[in-house]
Amino acid sequence: INSSTAINNEPLQSPLIIVPDHTTTRQHITMVERVLYSKNMMRRQIPALVLCAAAVSTSLTPTLAFAPTPRQHVVGIGIGIHHHDHGMIKSGMKLNMSDGATEEDDNFLSSLFKNIMQNGNDKPPIEPVETEEQKLQRLRVERLDEIEAGEVRRQERVSEDKFGYLFLFALQLLPLIGNDRAISILYFFGVAVTTVYLGGRQEVIDVPERVSKNNALLAPIGASVSIGGLYLLLKVGIDITSFYAIFVTIFGALAISDIGVPILRTVFPDIDFAAAEVPVPKALADKLDLDKPTLPLDGLVTLGLGVICTLVYWAPAAMEQKFLISNAIAWALGMTSLGAISLGSFQTGAILLAGLFCYDIFWVFGTDVMMTVATKVEAPVKFIYTAPPTDTPKPYPFSVLGLGDVVIPGLFVRLMSKVDEVLQPKNLSYFNVATAAYAAGLVACFAANEIYHNGQPALLYLDPSLVGSTLACAAVNNQVADLWDFQEEEEDEE
């Protein structure tokens with residue numbers, strides 16, 4: 001390309017010849033020629049020009065040279081520039097210019113271009129191969145870090161909701177006041193609503209098990225088979241109460257151990273439970289496959305508490321004397337269930353509540369199955385409170401609120417907390433509305449029980465209250481379609 005254009009009043013005295021016929025290369029070198037001859041921009045543009053030249057030469061591999069003159073040199077892969085009576089770039093892009101250029105610039109350009117060419121030819125370093133044992137060790141450490149981070153989140157949430165937990169504890173003192181009907185209703189109402197609220201807000205460590213729409217559709221059938229089977233066994237004289245209670249109390253001890261850790265850390269904030277460990281025998285450590293022969297202090301304390309509750313439950317004493325222990329186990333199971341299960345979507349929640357709505361009405365009003373199983377099978381899967389004394393002895397001396405009447409609606413209320421996080425309603429909180437709707441439905445159930453003096457299917461009042469109130473809340477927030485189509489984002493579980 002012959003050019004007579006002058007830059008900074010100095011003529012371009014040597015034409016630049018491009019050997020390969022690449023239009024892209026020609027455009028790049030024309031830009032290099034014009035920019036490099038500007039003295040005022042030279043120092044700022046040299047690094048970019050070096051990178052540009054390296055990219056062009058390595059991708060298109062042309063041979064660039066100057067038109068033959070007495071002072072020209074052929075460069076293999078590089079650029080040769082002849083400027084007035086200055087020097088020229090030779091092998092490796094060495095630049096000598098009398099105006100403003102220094103030996104330091106020469107060394108810098110030579111080193112930079114050499115490093116670029118070497119880096120392009122260097123092979124990537126070989127990563128060390130991780131053995132299976134090292135991988136397992138790394139995964140264990142990562143899992144422990146994940147658990148500890150989750151425990152910190154759980155503790156922070158318990159600390160935020162500490163007044164709710166204190167209220168639950170205070171409710172356990174009501175039997176000291178008496179067993180009047182009003183006191184029992186206050187107990188059930190307080191325990192149920194507070195559990196739904198705290199369970200809906202609690203933090204969890206692992207990804208909850210998600211309920212699918214098919215599972216929600218089949219839930220009433222599965223529940224009917226279960227309760228029907230228990231009823232038939234009782235009718236033919238096979239009492240599986242002890243076996244069922246043993247099974248439930250074992251899981252209850254584990255539930256107390258799990259749900260008790262953040263509570264224990266909140267009650268004793270000065271103890272560094274993250275580092276506090278208890279040594280165990282090496283044989284036990286090997287059997288449990290522990291990295292070191294120690295166990296976390298908080299886990300051992302809460303597990304011990306769960307075992308104590310189980311032993312007290314099985315102590316040879318009347319249930320009237322230990323019903324609060326049964327309620328504590330039931331509460332731990334309920335809280336753990338609320339954290340371990342996720343409805344996943346509003347439609348799944350609506351399907352589940354609608355199906356169990358029909359299930360509860362049929363088995364309570366249509367048959368004696370529900371009442372028989374609830375009063376004959378004694379296990380910590382319900383909240384009980386001693387009934388007030390009467391002139392005629394009752395076949396079952398307790399008022400009862402089923403654990404399912406807390407957990408099933410509680411799962412829906414917890415889902416509304418996720419809806420709040422995603423939809424960010426401007427007017428009303430879905431979680432607060434759902435919690436209030438649950439309380440209102442429970443009041444309606446207790447009122448019907450007082451009016452008709454017979455057992456009531458709680459879901460008859462709770463389910464319409466929950467679904468109807470959340471849809472009304474969505475209408476106020478102008479998010480009906482968003483709520484109906486809402487789905488929790490699925491989290492990856494390793």
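Okay, let's start with two helices: H15, residues 430-452, and H16, residues 458-476, have axes that come within 8 Å and cross at roughly 150°. Keep in mind that this is a predicted model. Now, angles over 145 degrees count as roughly antiparallel, so H15 and H16 are roughly antiparallel to each other. And the way H15 passes H16 is a right-handed crossing.

Who does the touching? On the H15 side, the contact includes Tyr430, Tyr438, Gly441 and Leu442, and on the H16 side we find, among others, Tyr461, Leu466 and Cys473. Sort the contact of H15 with H16 by class and you get 15 nonpolar residues, four polar ones and no charged ones.

H16 has another partner, helix H14, which covers residues 404-423. How far apart are the axes of H14 and H16, and at what angle do they pack? They're 10 Å apart, and the angle is about 5°. The cut-off for roughly parallel is under 35 degrees, so H14 and H16 are roughly parallel to each other. H14 brings Asp405, Pro409, Phe412, Val413 and Met416 to this contact, while H16 brings residues including Leu462, Leu466 and Thr470. By class, the contact of H14 with H16 divides into nine nonpolar, one polar and one charged.

Next, the core. The largest nonpolar core has 84 residues, and the ones touching the most other members are Trp331, Phe383, Met416, Tyr430, Tyr438, Leu442 and Leu466. Which helix gives this core its largest share? That's H15, with eleven residues.

Let's zoom in on Trp331. Leaving out residues up to four places away in sequence, Trp331 touches Tyr165, Leu168, Thr195, Ile259, Ile263 and Phe383.

One more residue to look at is Leu198, in helix H6, residues 181-201. Is Leu198 buried or exposed? Buried, because its relative accessibility is 1%, and the cut-off for buried is under 20%. Again not counting residues up to four places away in sequence, Leu198 touches Asp161, Gly164, Tyr165, Leu168 and Met335. Leu198 and Gly410 are 212 residues apart along the chain, yet their C-alpha atoms are separated by 9.6 Å.

Let me finish with the whole chain. There are 17 helices and ten strands, and buried residues make up 42% of the 494 residues. If you take the contacts with a separation of 6 or more, 70% of them are between residues 24 or more positions apart.

How values were computed: Residues numbered from 1 in each chain as written. Predicted model: local features only at pLDDT ≥ 70, side-chain atom pairs only at ≥ 80, totals over all residues. Heavy atoms only, no water. Axes fitted to C-alpha atoms, helices over the stretch in contact; angles between N-to-C directions. Helix = DSSP H or I, 4+ residues; strand = E, 2+ residues; numbered from the N terminus. Parallel < 35°, antiparallel > 145°, perpendicular 65-115°, else oblique. Left-handed = near helix turned anticlockwise from the far one by under 90°. Contact = heavy atoms within 4.5 Å. Nonpolar A, V, L, I, M, F, W, Y, C, P; charged D, E, K, R; others polar. Core = buried A, V, L, I, M, F, W, Y, C linked by side-chain atoms within 4.5 Å. Buried < 20%, exposed > 50% of the residue type's maximum accessible area, 1.4 Å probe, protein only.
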